[in-house]
Structures are given as C-alpha cells and as structure tokens.
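This report looks at one protein model, shown below.

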Amino acid sequence: MKLKTRIAVIICKVSGALLRKMGRGGTNLPGKLALKIDKNILGELSQSVKVTVVTGTNGKTTTSRMIEQAFSDAGFRYFSNKSGANLLTGIIAVFAQYCSLSGKCRYTHALIECDEAAFRKASEFLPVECLVVNNIFRDQLDRYGEITHTLNAIREGITHIPDAVLCLNADCSLTASLAEKIPNRVVWFGVNVPIYTHAAHELSDAPYCIHCKTEYQYDYVTYGHLGGFHCPNCGYGRKTPSIAVTQILTAGADASDIVLDICGREYDVHVNLPGGYNIYNAAAAAAAAHVAGIDDETAVSALGQFECGFGRAEQFTLGKAQARMMLVKNPAGFNQVINLIAHDEGSYKLAFLLNDRFADGTDISWIWDVDFEALAEQQERFTQILVSGVRADDMALRLKYAGFRTDRLEVVREYETLLDRVGADETPAFLMPTYTAMFDLRNEISRHTDIKAFYE
Ligand SMILES: [Zn+2]
C-alpha cells in the first residue's frame, strides 16, 4: 500500500472518530480530506473487495437492506454504507472505516447504496461485481434536472465497469435502455402481472419511446411507467426477466405474498413490507443475491425475515394509535403510498408533512403530479387529515384542489401537537413526511416514546 494511501486512511479514520465524538457524525469531511491526499484512495482500498452497488431513483435503501439480509444469512463477510452516506466522500469514509490502518480491507464483500451522480464517479474506482438499477423516475425537479441526466449519469458509470453483471428492471423503459451497446452480462428482473386491481391515475414519467418518441403501448401497468411496455413503431420493448414475479397472491397493508420465478424455479415469497414498489425491491434483491452466488432458498427466506428499512415503513405506537411512517420524496414514490392506502378499506388518520429544504428538493411543484385525487374520493374514511411541515400551506392548497373538503383539512404546525392528535384515539395513522420532515418527526417521536427498536 502506498504511503499516501496509508496517510489518507489514518486521516479519514481519525477525523471521523473526532467528529463522531463531537456528535457531528455523518459529515463528508473525512472523505474529502482523504480524497485530497490520495485521489485514488477508493480504488486502492477496494481492490480486493467484491462490490455490489445499488442505484436508481426509488427503493435503493430498502433493496440494499434486503440484499444485506441475504449476504448476512449466506455468511458473507461484508460491510455496507448503512447510514445513508451515499455520496463519493461518504463511500470513501466507509471503505476507510472497514480497512486496517495499513489500508487492507478485512472484508470480502461490500454493499454500496449509491446516488446516480455519485455512481458515475465511484464506478471509476470501485471493482463493481454487480450493479443493481431499480428504476428511474423523475425526482425532485431541481435536484438532477431532466430525467435523462439521471439516465446518462448511470450510463456513463456503466462504461467504467465492463466486467460487472447488471441487474436491471425489465419493466422500466428508461432503466432497460441501459442494456444497449454494452458488453456487460445483464440479469433482468420484473413483475409479469399487474399488482393492483385498478391502477391509480398516475402521470407517466416516460410515456414516449426513448428511441423514436412514439407513445408506448402497455399489456399491463404495475405502477408509474412500469409494466409490459413496447413501442409499436421501432419494436423496443420489455425483455423477458429471468427473475420474475409471476403471481401476486396477496398485497396487504403490512406485507405481500408473491410467487417469484428465479431462473425457471418458482418460490412462494413473503415480502415483509407493504406496497408494489417493495415487490420490485424484493425482485431486485433476489437478482443481486443470485449474481453473488447465494442459493435461491437463502435469498428467498431473507426477504421474509427482512425488517423495515429506516423511514421506509416504520411502525410504532403513538399514544393510543398505531402509526406507520412512509417517506415520500417524489411523485412516483408518493403515488405508491397512496395506492397502498387507497386499496386498504380501513379507517385511518392521515398526516402530510412537506418540507422544502435542500434534501427534500427546494421546488415543491412536484406535489401537483401526485394523485391525491385518489384519496380525496375516499375522504370519508379518514377521521383526521393533518397537514404540517415548512410548506404546510402549499400542501393544504394542493389537497384542496384534489377535492378534499377544506373544513376537513387541519394545518398543525407543531409536531408535538401533531403527535398528540395522532395518539388521541385508536384509529391507526399514516404519516407521510418528506426527507427532512421525517428526521424532525423522528426526533419529536423519540422524545415521546422509545422507538429506537423499530429502526436500529
Ligand atoms: Zn420506438
């Protein structure tokens, strides 16, 4: 190991430890310092490690945790960037953390959840064995600009890793286009059947053929622009996935039961999280486990044992009520949460928490692309409709236009009051915060109750 790499590792470890001691963990500083000393530090530290990278717009964290469960059950010696440090500097800090002072990594596998933009950079250095691309949706408008930027960032990253196996979502016309003109082996995953009996009226992020701009035709839609697509003009269309969900047995409010075909063998799989998007995450995780050489039985049982990811569907008790917290960050993800609520006939309280800080996306116009109308149609079954967050008034306005009666909408600015209201009776609640609102809410909740057990 080169001297400068060793120095960079020491600086990274020491500054990381100091910052944690000062209660300022999770900054990018240690990775930045290390990168200043050795530009190729990530390449040096990762050279003997088999790296699985998960990228795409929605579901990265949940898919990563599912893969992690499979790695753990298979007895792999692995590490991951669990804390959501998914920028290049964060990834460097994680590799530094898991290697010895001399720069030797003690683990055989790494599981890295990676932002699309960070993937483009990290792929120059990481010996990626497997790349999982879940899906590509339009994210907050101002964060990556056009959807094609996201796609091109991933496409460019793939050119750095010709030996990697790609696990691609066959049902996403944008993601599937990544397979063109590359030498990589591709393992397709997808869902062969509709997930919901009636799909929400969602705007498609990709209605037109990526090659010839003709409108796609669909045999079925699972959600958003995902499904059995084909272009009637140029013939571009869905590939048959080798990891395929062939039946949806149940899709409940807590979990789904599906039949998953893994290269010709069918397995009944219990997915321990609700919603159609988690069925995709499970298929993606099964594909990654397959590429890593984990036997199907282990991979399938890992999906059933998997516990909720951080903020993705945390459940806890607030006062007298059971509450579920579902992170919402873009129209497609939000529509999935709405789909879940709209297909469950119970009585619920709803709380919408909209912030517009950088991590949420400062332009909140995306809420106008969310299908709140589907909930407004059923508003009588919601006992309370609470609105909060920095941009509570904008959210209330959006809900009003969706058809919610204004006398039923309550803007509650204080989270403490909001939680008291949610906990006042036994009607269960869905809390739907944007990213920073989720952190604020969790802080407030942890003051009220001990909920650590639900996300540790
Ligand atoms: Zn076409």
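How many salt bridges does the count come to? The count comes to 16 salt bridges, a salt bridge being a side-chain nitrogen of Lys or Arg within 4 Å of a carboxyl oxygen of Asp or Glu. This is a predicted model, in which local features need pLDDT of at least 70 and side-chain atom pairs count only at pLDDT 80 or more, while totals for chains, interfaces and linings use all residues. Residues are numbered from 1 along each chain as its sequence is written, and side-chain values use heavy atoms, with hydrogens and water left out.

**Salt bridges**

| Pair | Closest N and O atoms |
|---|---|
| Lys-349 and Asp-425 | 3.2 Å |
| Arg-391 and Asp-356 | 2.5 Å |
| Asp-393 and Arg-413 | 2.9 Å |

Lys-349 lies in strand 14 (residues 348-353) and Asp-425 in the loop between helix 15 (415-423) and strand 17 (429-433), so this pair ties together parts 76 residues apart in sequence. Helices (H or I, at least four residues) and strands (E, at least two) are DSSP runs, numbered from the N terminus. Lys-349 is buried, with a relative accessible area of 0%, whereas Asp-425 is partly exposed at 28%. Here buried means under 20% relative accessible area, exposed over 50%, and partly exposed in between (1.4 Å probe, protein chains only).

Asp-393 is partly exposed at 45% relative accessibility, and Arg-413 counts as exposed at 51%. Salt bridges with shared partners join Asp-356, Arg-391 and Asp-394 into one network.

**Zinc site**

Which protein donors does the zinc ion have? They are Cys-209 (SG), Cys-212 (SG), Cys-231 (SG) and Cys-234 (SG), at 2.2 to 2.3 Å from the ion. Donors are N, O and S atoms within 2.8 Å of the metal (3.2 Å for Na, K and Ca); water is not among the atoms, so sites may look incomplete. Along the chain the donors of the zinc ion follow the spacing C-x2-C-x18-C-x2-C. Cys-212 is partly exposed at 25% relative accessibility, and Cys-234 is partly exposed with a relative accessible area of 40%.

**Nonpolar cores**

A nonpolar core is a set of buried Ala, Val, Leu, Ile, Met, Phe, Trp, Tyr and Cys residues joined through side-chain atoms within 4.5 Å. The largest has 131 residues, and Phe-95, Phe-334, Phe-352 and Phe-372 have the most contacts inside it. Helix 10 (residues 276-291) gives the most to this core, with twelve residues. A second, separate core of 19 residues includes Ala-323, Leu-386, Leu-419 and Leu-441.
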